[in-house]
Amino acid sequence: MFEAPIRERWITGDKSYGQISDDICRPIENPPTKAWWGGFTLSFIFFCALVFGLTYSVWNGLGTWGINKTVGWAWDITNFVFWIGIGHAGTLISAILLLFRQKWRMSINRSAEAMTIFAVMCAGVFPIFHMGRVWNGFWCLPLPNNFGSIWVNFSSPLLWDVFAISTYFTVSLFFWYMGLIPDIATVRDRAKTKMTKFFYNLLSMGWNGSMRTWMRYEIVCLILAGISTPLVLSVHTIVSFDFATSIVPGWHTTIFPPYFVAGAIFSGFGMVLTLLVIARKVMKYEDYITINHLDAMCKVVMLTGTIVGCAYITEFFIAWYSGVEYEQYAFINRATGPYWWAYWTMMSCNLLAPQVFWFKKLRRHPNFIFFMSIIVNIGMWFERFVIIVTSLHRDYLTSSWIMYYPTWVEVCIFLGTFGLFFTCYFVFCKLMPTISIAETKAIMPLDQLPIAKKRMAAEAAHAH
Amino acid sequence: MKPTKFIAGVFDDPVLITRAARKLRESGVRVYDAYTPFSVHGLDKEIGIKHTRLGIAAFLFGCTGFCLALWMQSYMSWSDWPMDVGGKPNTFVVPTYVPVCFESTVLCTALLTIFTFWIKSKMFHGVVPDLFDNRQTSDLFILAIDSDSHKNHSAIEGLLKEQGALEVRHKEFGKNHTLIQ
C-alpha cells in the first residue's frame, strides 16, 4: 500500500489499536460526568418545552401561531428547512467524502450522521404540526380512497417531500446503524456487566469481524454511499421545489435546487463544527478530531458559503434582468423593506463572515471556529426566514400586505426542537461510540504504529 | 457438515497476518476465515474469498423499486381515480413521477441490500457470536484454519509462529456455531 510521507497524520498521539478502542469506549464504559448530566438535564428541559408547545398548539389550534392569511408559511417552515439543511452535512461526510476517499471523514462521520438523524427528526415536527389536525396526518400517505381522502396528488412537490424526507430518514438511519455494528461488537466484547453485554449483543447482530462479512460489509457501505449521494442532493432539491414550483415572486427561480443544496451543506457543517469543537474538548478527543479536521471543515464552510453568496447575488441580478416588476419588487423589498435587518443578517453571516477562513490561522483556532459556526447557524436560519416571510408578506394584492411576528408558542416549539436534538445527542454520546472505531483503525499508517517497530526489528534480524 | 475444530493463529499486526495468509496459501493450506477488528485490505484475496455479488443484487433491487413506484403512481392517478387539478388532467404525467420513482429506487436498494447482507452473513438480532478471542474486535487478528481437513497440524503451527503469530490456539465450537463460510 502506498503511503505518502508528506501527508500529516489524521490521528495523532502514536496510538495503538488497543488504545483507540480504549479511548473511544471510555465515555461508554464510565459513569456519565457532571458536564454530561448538566447538558442532558438542560436539553431535557427544552425538550419538555417542545412537548408543551406542541400540545398547546394542537389543543388550541394554529391560531396560537403568528401565521395569518397572507403569511401562511413562516416560522414553522423556516425551521423545517433549517433543520433539514443541518442534516445534510452528515450525509455529505458519510457518503460523498467516502466516495472521494477522504480519510479525514473517518473520525467525524459517526457524530455527523447521528446529527443528520436527529436533525431530520426535529425537521419532521414542523410540517406535521403545521397541518393543524395532526391526527389526519396519514392523509399524505398514498392510501386508498376509503381511508377518508382521495388518492394523493403525485404532481405536488409537497407530496414529493413526504417521500423524499421519509426515504432520507430511513436510509440515513440504516446507513448509520450499519456503520455502528462493528463498533457495537467492540463495545460488546469489552463489556463487564451482564446488562451491557446483553444490550450490545442484541444490537451487534452477532458480528465477529469475519473477513467474508467485512468484504460484503464494505461493498454494502459503498452501495449505500453511492445511493445516498444523489439522495441527499435530491432531498434539498425537492425541498426547494416546494418554493420554486410556485408563482410567488422570489420563489419562482430555477436557481433554487443547487442554491438550497449548497446552503444545506453550509449550515450542516456549521452545526457539525458547533458540536465537534465542544465534543472534542469535553470527551478529550483532540487526538482524533485534530486541528487539521477543523481546518478541512472550515474550508468546506468557506466554499459553500461563497456558493450561497453567489446565489444571493445571482438572484438579485436575475430579478433585475428579467424585467418582471413583481420579481424586482420582491428583492428590493427584501433588502430595504421592513425585514431589511433579516436580509442583511443573512448576507453578512453567510456571504461575508465565512471569508475569514481564507486565513489559515483562523481556520486553526477552535474558539474562533466555534464563534463562526454559531454565526453560520444564525445566518442560515435567517436565509430561510428571508426567503419565506419576505416573499409572502407583500403578495400581489396590496390590500393583504401584512407583517409576520412569531408568538411565544412558536418560539417555544423552535427552542424545544433544540432540546429534542441535544437530548438525543447526549444519549447517543453515552451509549454509542461517537467516533468510528473500526474505520479509525483502518486509516492508521501501518509502518508508524507501535507494533510496527517490533515487525521491523524482526525483519531486520531476518535480513542479516 | 460444518467444521467445528479450528487452529487459530493470533496476530497483533495486519501486515503479519496478511503475510501469513499468503504463506499458508502458497503451501497449500486452505484458510477457513480471518477475524479482524477492521477490514484489512488485501487479506480477503490471500485467503481466497470470492467477490460478492451484492452489487448485482442491489441493482436489481433498485429496478424493482423504480418499477413499483411507476406502477403505483400510474395506477393511483391514471387508472384508478383520474383527477383534474386546476384544469390540468392528472393522467400519466410522467415528468411529475420522477421524484417519487427516484426516492423509491433509493429506498428499495438501500433496505433490500442491507437485509440481503444480513441474511447472507447470518446476522440477526440476538445471535451470540462464537469468538476466538474477546479482543478480535479490538486489537487482535485471527487466522482460522479448519483442523479436520488438514493433517499436518504441526507444520501449520510452525508456519504461523514463524510468520509472527503471538500464539497458536486449538479451538472447538459447538455444532451450531456462527462461523460462516
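Guide: Start with exposure: buried means under 20% relative accessible area, exposed over 50%, partly exposed in between (1.4 Å probe, protein chains only). At 37% relative accessibility, A:Leu415 therefore counts as partly exposed. A:Leu415 sits in helix α14 (residues 408-431) of chain A; helices (H or I, at least four residues) and strands (E, at least two) are DSSP runs, numbered from the N terminus.
This is a predicted model: local features need pLDDT of at least 70, side-chain atom pairs count only at pLDDT 80 or more, and totals for chains, interfaces and linings use all residues. Residues are numbered from 1 along each chain as written, chains are lettered from A and ligands numbered from 1 in the order written, and side-chain values use heavy atoms, without hydrogens and water.

Visitor: In helix α5 of chain B, which residues are buried?

Guide: First the general idea: an α-helix has 3.6 residues a turn, so residues three or four places apart point the same way. In α5 (residues 153-162) of chain B, B:Ile156, B:Leu159 and B:Leu160 are buried. They line one face, because they fall within an arc of 100° seen down the axis of α5(B), taken from the directions from the helix axis to the C-beta atoms.

Visitor: Which exposed residues does the face turned away from the buried side of α5(B) carry?

Guide: B:Ser154 and B:Glu162. Just after α5(B), B:Gly164 has a positive phi of about 100°.

Visitor: How many residues of β1(B) are buried?

Guide: 6 of its 7 residues are. β1(B) pairs with β6(B) in the antiparallel sense over 6 bridges; pairing requires at least two DSSP bridges between two strands. There, B:Phe6 has B:Lys171 as bridge partner.
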